[in-house]
Amino acid sequence: MERLPDYSDRNAHEIDYRIYGEEMQFVEIELDPQEAVIAESGSFMMMDDGVKMETIFGDGSKKDKGFLGKILGAGKRILTGESLFMTAFYNDLVGKRNVSFASPYPGKIIPIDLTDFGGKFICQKDAFLCAAKGVSVGIEFSKRLGRGLFGGEGFIMQKLEGDGMAFVHAGGTMAEKTLNAGEILRVDTGCIVGFTQSVDYDIEFVGGIKNSIFGGEGLFFAKLQGPGKVYIQSLPFSRLANRIIASAPRAGGKDRGEGSILGGLGDLLDGDNRF
């Protein structure tokens, strides 16, 4: 298990973790007595006996803002397309207990220690997997009209704040880039997983009539300018979904190969050329 450094004034729960697997990973969180981890619905995989599961408003990061404040805080999550509720997993017994969370599709799980990033990390809306209880899972509004309209993630991205451990998911293979001050990286808008708060994020027109109409890569790039750290994914879920839709049977219940003389055998010999 990897262990966080000892911060005496830490607000978030201090958790240990271990990541298993290659293409379809899961993260196992080790909880000491009374420690807890929060997660989005649908990411839970398994847990030891003695771990208590509780549905909570929002992320449960603040205990003193009252019932109305909790509802308003949780309500902001609707803007990111997430549920009003999250699930907290507590270790109620003596001794260590484990709870595990799985990747939603092939890719990599990225551990984010928020203390290394000044207490804040910005990510796309569906990248968050789980975090130590005490980490705030909020929304990050874009202050630029162009980025909001054409940036792929709209006006809103997710922000993780606090001094604990969080875990995000990247589809396919993950690339980690450290940008120097003024250094620029241009990325497909859907391939961004997240970046540190010091990175300046904007969109940039591809340029050129042929590139725009026939390029097939969209009209805009994401322009990331350092200093800071950026995480890029090779397989955004939207791209994966489009490939699945393209391979689905067409109207009438047959795919491309079923009506041919060789049928499925023809696909084996000729390859699948639908993409």
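With a relative accessibility of 15%, D32 is classed as buried, a term applied to residues under 20% relative accessible area, whereas exposed stands for over 50% and partly exposed for values in between (1.4 Å probe, protein chains only). The structure is a predicted model, in which local features need pLDDT of at least 70 and side-chain atom pairs count only at pLDDT 80 or more, while totals for chains, interfaces and linings use all residues. Residues are numbered from 1 along each chain as its sequence is written, and side-chain values rest on heavy atoms, with hydrogens and water left out.

Five salt bridges are present in the structure, a salt bridge being a side-chain nitrogen of Lys or Arg within 4 Å of a carboxyl oxygen of Asp or Glu. Side chains of opposite charge can pair when their charged atoms come close. One of the salt bridges joins the side chains of K96 and D32, at 2.5 Å from N to O. Because K96 lies in the loop between β6 and β7 and D32 in the loop between β2 and β3, this pair ties together parts that are 64 residues apart in sequence; the strands named here are DSSP runs (E, at least two residues), numbered from the N terminus. K96 also forms a salt bridge with E30, with the closest N and O atoms 3.7 Å apart. Here the loop between β6 (85-91) and β7 (97-102), which holds K96, is tied to strand β2, which holds E30, so that parts 66 residues apart in sequence are brought together by the pair. E30, D32 and K96 are thus linked in a network of salt bridges, in which E30 is buried at a relative accessible area of 14%, while K96 is partly exposed at 46%.

A further salt bridge is formed by the side chains of E22 and K108 (3.6 Å, N to O). This pair links distant parts of the chain, 86 residues apart, with E22 in the loop between β1 (16-20) and β2 and K108 in strand β8 (residues 107-113). K108 is partly exposed, its relative accessible area being 25%.

The loop between β2 (26-31) and β3 (36-39) also contains E35, which is buried, with a relative accessible area of 10%. A polar atom of the E35 side chain lies 2.8 Å from the backbone nitrogen of D32. When neighbours within four places in sequence are left aside, E35 is in contact (heavy atoms within 4.5 Å) with residues including E30, F89 and Y90.

Seven aromatic pairs are found in the structure. The rings of Y20 and F26 have centres 5.0 Å apart and planes at 15°, so this pair is stacked; rings of Phe, Tyr and Trp (its six-membered ring) pair if their centres lie within 6.5 Å, and planes under 30 degrees apart count as stacked, over 60 as edge-to-face and the rest as tilted. Y20 is partly exposed at 28% relative accessible area, whereas F26 is buried at 17%. F44, F89 and F101 form one aromatic cluster.

F44 also belongs to a nonpolar surface patch with M45, M46, M47 and M53, which together have about 450 Å² of accessible area. Such patches consist of residues with over 30% relative accessible area and no salt bridge, nonpolar side chains (Val, Leu, Ile, Met, Phe, Trp, Tyr) being joined within 5 Å and like charges within 9 Å, and accessible areas come from the Shrake-Rupley method with a 1.4 Å probe, only the protein chains shown counting as cover for residues. Strand β4 (residues 44-47) supplies the largest share of the patch, four residues. M53 is found in strand β5 (residues 51-57) and, leaving aside neighbours within four places in sequence, is in contact with M47, T87, A88 and F89.

How values were computed: Polar contact = N/O pair within 3.5 Å; in protein donor to acceptor, adjacent residues only side chain to side chain.
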